[in-house]
Structures are given as structure tokens and as C-alpha cells.
Amino acid sequence: MILDENFLTVIASASAFMIGAEIEGAAVMIFFRIGDMFEDAAVQKTRKSISELVEMQPVSVRVVRDGKEIDVGPEDVAVGEYYIVLPGERIPIDGTVMSGYSSLDTKAITGESMPRDVAPGESALSGCINMTGALTVRADRAYSDSAVARILELVEESGARKAKTEKFITAFAKYYTPSVVVAAIAVATVPTLIFGLPYEAWVYRALVFLVVSCPCALVLSVPLTFFCGVGRASKSGILINGGDVMDRLALTDTVVVDKTGTVTKGTFEFSGIHPHGVTEDHLLEYAAKSEYRSDHPISAAIIDRYGREIDPGEIGKSVNLAGKGIRTEVNGRIVHAGNSKLMEDIGVEPCGVHGGATCIHVAIDGTYSGHISISDEPKEDSAEAIRELKDLGVKNVVMLTGDNMTSAGRVAEIVGIDAFRSDLLPEDKLEILEGYLTVREGKGSLVYVGDGINDAPSIARADVGVAMGNIGSDSAVEAADVVIMNDSLRRLPEAIRISRRTRGIAYQNIMLSLGFKFAALALATLGLAGMWFAIFADVGVAAIAIINGTRAYGKLF
Amino acid sequence: MKAAFTIENLGCAKCALKMEKKICGIKGVRSASVIFMSKKLIVDADEGEMLRIEEEATKVVKSIEPDARLVKR
């Protein structure tokens with residue numbers, strides 16, 4: 001504990017008095033104290049500002065129990081209980097609206113400024129502010145699993161995954177103080193004892209060493225910078241899992257995106273029906289019934305279009321063939337519905353296929369009966385996102401999809417993606433990703449963006465795995481390095497920009513702090529810098545570095 | 001298993017580094033990090049050992065910053 005910075009400061013100050021530099025001795029004490037107070041205040045302020053997020057933490061929840069409304073702590077609300085949120089209040093726990101209509105301000109969660117209207121049956125994400133009407137909400141999750149609690153946890157714990165610069169600081173801090181103290185002793189003794197130089201001048205120089213012996217400016221300002229950077233990102237609805245993720249995001253040179261739900265809206269719409277040897281109604285009926293047991297969004301679009309009640313009694317065994325389609329017994333007949341690969345597998349030749357949409361081919365009892373086209377439009381801002389990525393110097397943007405070549409090509413063209421791979425099975429995606437990872441050159445990183453539900457392995461494997469719009473899904477949050485809260489792909493270039501800026505500021509702080517410390521050491525040895533310079537190099541530079549670090553968040557002061 | 005604690009009254013960034021180093025050295029700790037900015041301690045260790053580790057970590061925290069207190073979340 002002998003190298004404790006407080007102890008060293010006391011030695012520096014006391015020795016200054018002894019060699020007759022009383023004013024400097026007092027200044028060391030006073031400025032160190034002021035520096036401490038400033039650091040405390042700055043850290044408090046930073047913690048508080050970033051905890052605009054913490055303001056989202058609900059204090060109590062108005063739960064309906066036995067017909068009465070009572071206030072309980074958010075942790076005490078059980079899944080399935082009903083609670084009431086009045087206008088102006090924040091949704092405390094993820095749930096489903098049971099009654100009432102309102103608009104939700106989702107800005108704190110998704111960074112999206114457009115309010116979202118909710119009606120009974122729709123989901124209410126915690127952290128959103130209820131704007132216009134009272135809502136009764138059923139809690140679908142425990143508080144600790146709700147969006148608010150997860151975001152807070154993520155931001156607060158992001159510091160556990162340290163950026164390279166932070167690791168450097170930790171390692172540097174270990175050696176810096178002991179080395180400087182040893183050097184100080186050498187400066188005080190060697191010239192005086194061996195060369196007989198004047199004792200007061202050299203002890204004074206050694207004291208300057210002690211004044212700059214604490215790496216405090218670095219140890220505080222660099223993690224603070226990353227904390228502010230993570231806070232800044234979460235303000236835009238981007239959850240970044242740690243400083244190391246920022247390191248890799250900043251060096252992004254390849255972005256691999258999943259098509260459905262990431263580049264496109266992921267809501268499939270019926271766009272045409274082309275029967276072959278049967279009537280339109282007959283084709284649609286069998287297609288809908290065969291898809292009855294599937295939870296794929298395409299199935300929902302077909303069943304929706306059919307629009308009539310389906311008697312579950314008519315549906316027999318149903319087998320999901322991943323990446324191909326489904327095989328179902330309907331009224332004792334075998335119906336295959338899926339893509340062209342499925343048709344190939346069962347030896348059926350699709351005919352009359354045209355256009356760029358996704359086709360669901362249907363074969364009844366092994367006879368081709370036509371296809372239904374389904375389209376999935378790109379999100380409005382996907383093209384802009386791709387353009388921004390290219391502007392940021394991302395070399396390759398590749399789209400992967402299980403969809404057919406024509407529909408993938410159409411989407412790629414609209415949004416400006418130059419490379420895509422289509423007709424992929426789920427496991428192919430991971431293999432392609434591995435391929436990119438092995439052939440890459442240099443230190444650029446590969447980012448994979450998916451919806452986090454069926455591509456968790458790819459998200460986990462990439463240098464940076466990004467899950468979109470799925471704070472609710474456990475697998476997404478666990479596997480992903482970055483979670484984008486709203487569905488916009490434009491958050492990705494924004495995340496890259498924030499990461500670069502944050503790292504840049506961290507570098508500035510390192511250069512600034514080390515520059516001044518080493519300058520103080522060198523100049524003091526030569527007798528060119530005194531205590532005042534050292535005090536500035538320590539306390540002053542720490543203050544500047546902290547203020548600079550908070551710029552990673554945006555305006556704080 | 002990972003456990004998160006809050007270190008109340010954690011005062012200085014350098015103390016946080018010291019705590020982290022010492023807590024990493026506690027027997028059974030796979031990894032530990034002290035995050036000064038959010039006053040968090042995150043420890044990865046076997047569940048059965050967690051109570052003993054918590055006790056030892058409490059002592060470490062106290063020895064470095066007498067005012068600080070380790071609170072389980």
C-alpha cells in the first residue's frame with residue numbers, strides 16, 4: 001500500500017515544505033483536493049445523465065388485485081397480473097394492452113420519435129411513456145426480464161467487457177506508479193550522492209515526479225469515455241454490449257445481413273395466385289390448410305388470404321422441412337407446399353413461374369397444382385442505411401436469404417446491395433459466414449445483422465453480432481453484441497459512427513494524459529518544469545480528459 | 001454462473017482497479033470485473049462457491065475503501 005497515491009502526495013507536499021518550497025507544497029495539497037472534488041462531481045453528473053435511463057426505472061406499479069388498485073414494487077408484480085398506467089406515466093413492465101387506447105412515446109426505448117398507437121391486444125413495451133389514455137395492461141414478463149431492466153443491466157454492465165484501450169490502461173497503471181517512484185528516488189539520490197550536485201534542486205525535481213505519479217487521469221477518463229459512448233448509443237435505441245464491441249464495430253469492413261425482417265419488413269403479403277390444373281379456390285384452400293400448423297410468417301399471409309375458418313379435424317400429420325417448406329396431410333391427401341427445392345425433392349416440375357416474388361409451390365398427391373406469390377417489401381430506410389455504410393468505408397455488404405434468386409435480386413437492387421446469396425438453408429448461412437471469416441484480410445471486422453430468432457448461431461459467430469428489434473427475445477440478447485431496439489437498419493451505421501467517435505475520444509485522452517505526464521517527467525529531469533507544471537499535468541489534465549470523455553455522450557455540461 | 005453486486009460508496013477509479021485485481025485472485029473466481037462508472041462488481045464462479053467468494057470480496061472491498069459496501073443485487 002506504500003505506493004498509494006494519497007501517500008505519495010503527502011510525501012511530495014511535506015518534502016516541498018522541507019526544502020523551502022512552501023507555496024508549491026501547499027498548492028499540491030489544495031489542487032489535489034480540488035481535483036478530487038471535481039472528479040467526484042463529474043462522475044456523479046455523468047452517472048446521473050446516463051441514468052436518464054435509470055429514470056425509466058419504475059418506483060411502483062398500480063396493480064389490480066381482488067378488484068382493487070394497489071401500489072406495489074415492480075419486482076412484486078407476477079406474470080399475468082393486470083396493472084394500470086395513466087397518461088404521463090411510464091409502462092413499468094412488458095405486457096399486453098387489455099383495455100384502453102393510447103399513444104406511446106417509445107423514444108427512450110427505441111430512439112424513435114414517432115409515437116406508436118396501441119389498442120387492446122397489442123404489446124406495450126416497458127420504458128415507453130403512455131401519452132393520451134389510461135391503459136390496463138397484463139404483465140407478460142417479470143420486471144427483471146422486461147426491456148427497461150434489461151437495458152439498464154446492459155448499460156451498467158457493459159464496462160465488464162473492456163476495450164483494448166481500457167486493457168492497455170489497466171496494464172499500464174500497474175507499472176506506471178512503481179516506475180515513476182523508482183525514477184523519483186533515482187533523481188533525488190544519484191546526482192546528489194554520486195555527482196555531488198546540489199541537493200535541493202534535485203530533490204525538487206524528484207518531487208515533481210511524485211506529483212505526476214498517479215495514472216488517475218487515464219484510469220478514470222478512458223472507462224468514462226466508453227461508458228458515455230455506450231450511454232450515447234442507448235439513447236438512440238442501440239444497445240452495445242461493451243467497449244470491446246466498439247473496438248470491432250469501429251473497424252467494420254464487411255456487413256452480412258439477413259434479408260427477411262432485417263432488410264425487408266418481414267411482413268409477407270399475398271401478391272398473386274397461379275393455379276395449374278385446379279381452380280384458384282382449390283389451390284388456395286389446400287395451401288392454407290397445409291400451412292395451418294406452421295408458424296412461418298408466409299403461412300400466416302396465405303391463411304389470412306384464404307380467410308375462412310379451418311377445421312383442425314381435416315388436418316393430419318404435418319412435417320416442417322426447414323428451408324424448404326411443409327408436408328401436410330389434408331383430408332387424407334398429401335400436400336407439399338414450399339419452394340422449388342421441395343418440388344425437386346419430391347420430383348415435381350413447377351411450371352409457369354414468373355416474376356420476382358417469393359413463390360410457394362403446391363403439389364397435391366404429388367401433382368403440381370400451381371403456386372402462390374408472396375412479396376416482402378424492403379423497409380423504407382434500408383437503402384439509405386446501405387448508402388451510409390458505404391460512405392463509412394464498409395467494403396462489402398452481402399445479403400443472405402433462404403428466398404429464391406429473383407426475389408432476393410429484386411430486393412438487393414432496390415436497396416443497393418451488390419452481393420447476395422439466395423436459396424440458402426438455415427445452416428448454409430453459418431457456413432457462408434465461416435467462409436468470409438476465413439478469407440478475410442487485415443483487421444477489418446465482420447458484422448452480421450439478423451432478427452435474432454433463427455440466426456442466433458450466425459449472430460454468435462460473427463465478430464459483431466447484431467440482433468434487430470428483438471429486445472424481447474432472450475436468445476437475441478444473449479447471443480448478440482449489439483441489439484437494435486427499433487427495426488431500422490440505419491442504426492447500424494450510427495452505431496459504427498458512435499463507436500469510432502468514442503474510440504477517438506479515448507485515444508485523445510490517452511495521448512493528452514500521457515503526453516503531459518511524460519513532458520512533466522522529461523522537463524523536470526532537465527530542470528525546465530516545476531511543481532506548477534506537474535500539478536497542471538496531473539489535476540488539470542485529468543479534468544480536461546474527463547470533460548473530453550463526456551463528449552462521447554453528447555452534451556453533458 | 002455470473003453474479004452482479006453493487007459497491008456502494010465506491011470512491012475512486014484506481015481503487016476499483018485494485019479491487020478487481022484482488023477479487024480476481026480469490027480462489028474459485030473464473031473472472032471478475034469492477035466497473036467504476038456504474039459501481040458494479042460482476043463475478044463469474046461456480047454457484048456453490050459464490051457465498052464464500054462474496055464474503056471474501058466484501059473483505060477486499062473494505063480493505064481498499066473502508067467506506068465502501070458490497071451489496072448483492
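Visitor: Before we get to the domains, where do the domain bounds come from?
Guide: Domain bounds come from an automatic or database domain assignment. For chain A that assignment gives domain 1 (238-265 + 378-485) and domain 2 (269-375). This is a predicted model, in which local features need pLDDT of at least 70 and side-chain atom pairs count only at pLDDT 80 or more, while totals for chains, interfaces and linings use all residues. Residues are numbered from 1 along each chain as its sequence is written, and chains are lettered from A and ligands numbered from 1 in the order in which they are written.

Visitor: How many residues does each domain of chain A put into the contact?
Guide: The centres of domain 1 and domain 2 of chain A, taken over C-alpha atoms, are separated by 30 Å. Nine residues of domain 1 of chain A and nine residues of domain 2 of chain A take part in the contact, where two residues are in contact if their C-beta atoms, placed from the backbone, lie within 7 Å. On the side of domain 1 of chain A that touches domain 2 of chain A, the largest share, three residues, comes from helix α14 (residues 405-415) of chain A. Helices (H or I, at least four residues) and strands (E, at least two) are DSSP runs, numbered from the N terminus. That side of domain 1 of chain A divides into two nonpolar, four polar and three charged residues; Ala, Val, Leu, Ile, Met, Phe, Trp, Tyr, Cys and Pro count as nonpolar, Asp, Glu, Lys and Arg as charged, and the others, Gly among them, as polar.

Visitor: OK, sheets next. What is the strand order in the open sheet of six strands in chain A?
Guide: The order is β12-β17-β16-β15-β14-β13 (chain A), with antiparallel pairing; two strands pair if DSSP finds at least two bridges between them. At the edges stand β12 (269-275) and β13 (315-321) of chain A, each with a single partner strand, so one side of each has no neighbour in the sheet. From one strand to the next the twist averages 20 degrees, with axes being lines fitted to C-alpha atoms, for helices over the stretch in contact, and angles running from 0 to 180 degrees between N-to-C directions. Helix α11 (residues 297-306) of chain A lies across β12, β16 and β17 of chain A, at about 70 degrees to β12(A).

Visitor: And β16(A), how many of its residues are buried?
Guide: Seven of the seven residues of β16(A) are buried, so this strand is largely enclosed by the rest of the structure. A residue is buried if 20 or more other C-beta atoms lie within 10 Å of its own, exposed if 12 or fewer, and partly exposed in between, with C-beta atoms placed from the backbone. In a regular strand the side chains alternate between the two faces of the sheet. Here A:T358, A:I360, A:V362 and A:I364 point one way from β16(A), while A:C359, A:H361 and A:A363 point the other way.

Visitor: What are the bridge partners along there?
Guide: Strand β16 (residues 358-364) of chain A is joined to strand β17 (residues 367-375) of chain A by seven bridges, and A:I360 stands opposite A:I372, while A:I364 has A:T367 as its bridge partner. Their hairpin has two residues between the strands, and A:D365 takes a positive phi near 50 degrees. Four bridges join strand β15 (residues 333-338) of chain A to β16(A), and A:H336 stands opposite A:A363.

Visitor: Switching topic: which residues touch the most other members of the largest nonpolar core?
Guide: Those are A:V466 and A:V482, in a core of 157 residues. A nonpolar core is a set of buried Ala, Val, Leu, Ile, Met, Phe, Trp, Tyr and Cys residues joined through C-beta atoms within 7 Å. Helix α7 (residues 216-235) of chain A gives the most to this core, with 12 residues. Apart from it lies another core, of 24 residues, among them A:I360 and A:I372.

Visitor: Does α7 turn up elsewhere, or rather, which element gives the most to the side of chain A that touches chain B?
Guide: In that interface 14 residues of chain A are in contact with 11 residues of chain B, and α7(A) gives the most to the chain A side, with six residues.

Visitor: Is A:P215 buried or exposed?
Guide: A:P215 is buried, with 26 other C-beta atoms within 10 Å, and is found in the loop between α6 (199-211) and α7 of chain A.
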